[in-house]
Amino acid sequence: MKIFVRSRHFYKTLAVLAVPIALQSMITVGVNMTDNIMLGTLGEVKMSGATLANNFISIFQCCCMGFGMGASVLTSRFWGMKNMDSLKKSVVLMLRGVALLSTIFAFVTLLFPSLIMGMFTNDPQVIKAGVDYFMISIPNYYLLGFSLTTSLVLRSVGKANIPLYSSIAAFFINVFFNWVFIFGNLGAPRLEVRGAALGTLIARVFEFCFIMGFFFFKEDHIRMKIRDLRMKCKDLLGEYIRIAMPVLVSDTLLGIGNSAVSAVMGHIGATFVAANAITSVTQQLSTVVIQGIAQASCIMTGNTLGEGDTEKAQQQGITFAALGFIIGVVGCGLVLILKNPVISLYNITDETRELAGQLMDAVGLVIIFQAMNSILTKGLLRGGGDTRFLMVADILFLWCVSIPVGALAGLYWHWGGFAVFICLKLDQFIKAIWCLWRLRSRKWIKKIKPAQELLEMQPEVKTDGNGAGD
């Protein structure tokens, strides 16, 4: 097979899907970067508190991505089949799961905020700042959960521009209200860390209303209505669990694992946390194109397999892997170019500045492998329905390699920042190679059955003359 697909339609479809997703990711990074810069002017403690609180919220976000991407595997495949009944049932099951998940996280955060912060750091000032951030952020679990997962469904049916428009508006809303409430401008109270949380909450309210309003009242592909939430979905539940639950488990454990990585950094010291906060924003900024192509590849692969063309899907997979390598190299260069300008934006100590530089160098190396890994694991192989394999990969390499080796390097061996960061990201190197082997094997292409086919497979129930079962 050739490395690159020779089809203008392929690249046009990829651009139509990936560019809005990448731009939306860039806007999200911009919001995080603005929060960090604004809070950074108040000192490293305030910035670290909000950053560590957001690490726990990121676990929830990863869980939502699990629900949303799991449903997206199904909805993109059913969209390719033009099976709207099964598509709607996938969405209903997803939203019900998100409602339950949001409630669990909201109650845990409300009841145990200090305990949660204590998992990431033992600095009492940082813990207090994080608790202040938590108390205002609790409604975000519901707002973010529904808007994020619904955005993923919209993308799977070719409506990637709608979440982008929402994010653009939410970005300006967030920045404006952060400026108002963090510093007490326009006569508002000076809330500092709580102001950052309040600005984010206001933006989330807008995002929720925009996305959900469009989805239920304007969207013309799925044509979902509020009354559809009462649909009986038992016939699709087994297939949903088979495909979507490994995605949920994988993304949840990935989120918890990333928080465990943050906990290791938090216990190394506040300096490492602050340096990583600066680094993480740059890392996210340099990987926005990767995220766009990863999600686009998941959607396109699902649509192609839904049409029944497995050979075409394999050829596209090889192209996606090659694009991942190229974009990874470009991302590495971008990190190294942005390193000094970004670090200079922050009001930090010389020690933190030097450590941030070391971490930036490590990020540049990691991104080359992370690009291939993300496009394969979160995109192509997931779109092919190979979700159990990916779940094993995420659990095995993150929890059995990266976290224990990184903890030893940072907490016991006391290695330098560059070496510690590389150890904490060893899973990215291993998964990239393992998933390339999986792509070559063709075992990643799995069949997904719609609700009607599942019903036809069920044995008929014999009845007597009175209609009673045997």
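A quick word on exposure before we start: a residue is buried under 20% relative accessible area, exposed over 50%, and partly exposed in between, using a 1.4 Å probe and protein chains only. What you have here is a predicted model, in which local features need pLDDT of at least 70 and side-chain atom pairs count only at pLDDT 80 or more, while totals for chains, interfaces and linings use all residues. Residues are numbered from 1 along each chain as its sequence is written, and side-chain values use heavy atoms, with hydrogens and water left out.

Let's begin with the salt bridges, meaning a Lys or Arg side-chain nitrogen within 4 Å of a carboxyl oxygen of Asp or Glu. The whole structure has 12 of them. One of these pairs Glu311 with Arg442, at 3.3 Å from N to O. Glu311 sits in helix α12 and Arg442 in the loop between α16 and α17, so the contact ties together parts that are 131 residues apart in sequence. (Helices are DSSP runs of H or I, at least four residues, and are numbered from the N terminus.) Glu311 is partly exposed at 44%, and Arg442 is partly exposed at 38%.

Asp228 and Lys88 also make a salt bridge, with their closest N and O atoms 3.6 Å apart. That pair links the loop between α8 and α9 to helix α3, 140 residues apart. Here Asp228 is buried at 12%, and Lys88 counts as buried at 17%. For a local example, look at Glu239 and Arg242, which meet at 2.8 Å; they are 3 residues apart in helix α9, so about one helical turn separates them.

Now the cysteines. How many disulfides does a search of the whole structure find? It finds 0, taking a disulfide as two cysteine sulfur atoms within 2.5 Å. For Cys298, the nearest cysteine sulfur is that of Cys435, 14 Å away. Cys298 is buried at 1% relative accessible area, and Cys435 is buried at 0%.

Next, helix α13, residues 350–383. The helix bends by about 40 degrees at Leu376, the bend being the angle between axes fitted to the seven residues ending there and the seven starting there. α13 is mostly covered, with 26 of its 34 residues buried. After α13 comes Gly385, with a positive phi near 90 degrees.

Definitions and conventions
Helix = DSSP H or I, 4+ residues; strand = E, 2+ residues; numbered from the N terminus.
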